[in-house]
Amino acid sequence: MERVIEGLPVVTGPAWAGVNYFCTTRAGGVGVAPHDTFNLGRRAGDDPDTVAENRRRLRAALPAEPLWLRQVHGSDVVDADAADLPDEPALDASVTARPGRVLAVMVADCLPVVIADADGSVLGAAHAGWRGLSGGVLENTLAAMRAKAPAATAWRAWVGPGIGPEAFEVGRDVLDAFLADDPATETYFRPRPGVSGKWLADLAGLAEFRLRRAGVQDVTLSGLCTVADAGRFFSYRRDSETGRMALLAWLDPV
């Protein structure tokens, strides 16, 4: 679903009571190629002043400054409500039960995933590339949310734009990482036609599989491929030097 928020073109999923979330696109900023125009990543090789201006524009659409992460393709989760958090914690997911606390993850092919309970009392956001996904970043995020809201019983998730199953070519190492966890995941891989030792992987399908296995009853996939849609999305796999989109999510402020 496309929307415009404070002049920024964004994509989002189903409306959830008490929860706000969207993923930015590459449009609406001030950057020049190859970071044109709305790059939010400070470590993407862009001009720092350009990134600062883009983040200023984003801030106008949010109730508070986001908790930015220094993502490391891991599976650790931070409690965004904790005191004395470091600047940009080096991990790939965060959770909150505080209204108005804004969570953020940056992406340019990896999946942005937002998880909430049905009552909108707790929220999580995760950066899920294949390493983090196979390492349990989504399960760890859900576990941290359950610890903060032990009475919650119904869960929902939105998997945002990421590299699609026609574009994500992987080697045996990726296949083995998932099969070692659950042989049933083989269905999300198919041999690359005409290329020995390569498979096409359905990353969003793998995310849905693991979310549902962990107890998330309602999972929505955006179906948007960052590689295929150069007009709307940055893609590291496609362009190598490029910008970063961001998923932003927060509970309704009191």
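Reply: Valine 95 has glycine 124 as its bridge partner in E8. This is a predicted model, in which local features need pLDDT of at least 70, side-chain atom pairs count only at pLDDT 80 or more, and totals for chains, interfaces and linings use all residues. Residues are numbered from 1 along each chain as its sequence is written, and side-chain values use heavy atoms, without hydrogens and water.

Me: Which strand is joined to E8 by four bridges?

Reply: Strand E5 (residues 93-96) is, and the two run antiparallel. Strands pair if DSSP finds at least two bridges between them; strands (E, at least two residues) are DSSP runs, as are helices (H or I, at least four), numbered from the N terminus.

Me: And how many bridges link E7 and E8?

Reply: Six, also in the antiparallel sense, with E7 covering residues 111-117. Valine 113 is partnered with alanine 126 of E8.

Me: Is E8 mostly covered or open?

Reply: Mostly covered: six of its six residues, 123-128, are buried, where buried means under 20% relative accessible area with a 1.4 Å probe, protein chains only. Leu123, Ala125 and His127 point one way, and Gly124, Ala126 and Ala128 the other.

Me: New topic: what is the volume of the largest pocket?

Reply: About 640 Å³. Of its 23 lining residues, the closest to the centre include His73, Cys110 and His127. A pocket is an open set of points on a 1 Å grid over the protein atoms alone where a 1.4 Å probe fits, with protein on both sides within 12 Å along at least five of seven lines; lining residues have an atom within 4 Å of a point. Volume is the space filled by probe spheres set on the points, which are joined across faces, edges and corners.

Key
Buried < 20%, exposed > 50% of the residue type's maximum accessible area, 1.4 Å probe, protein only.
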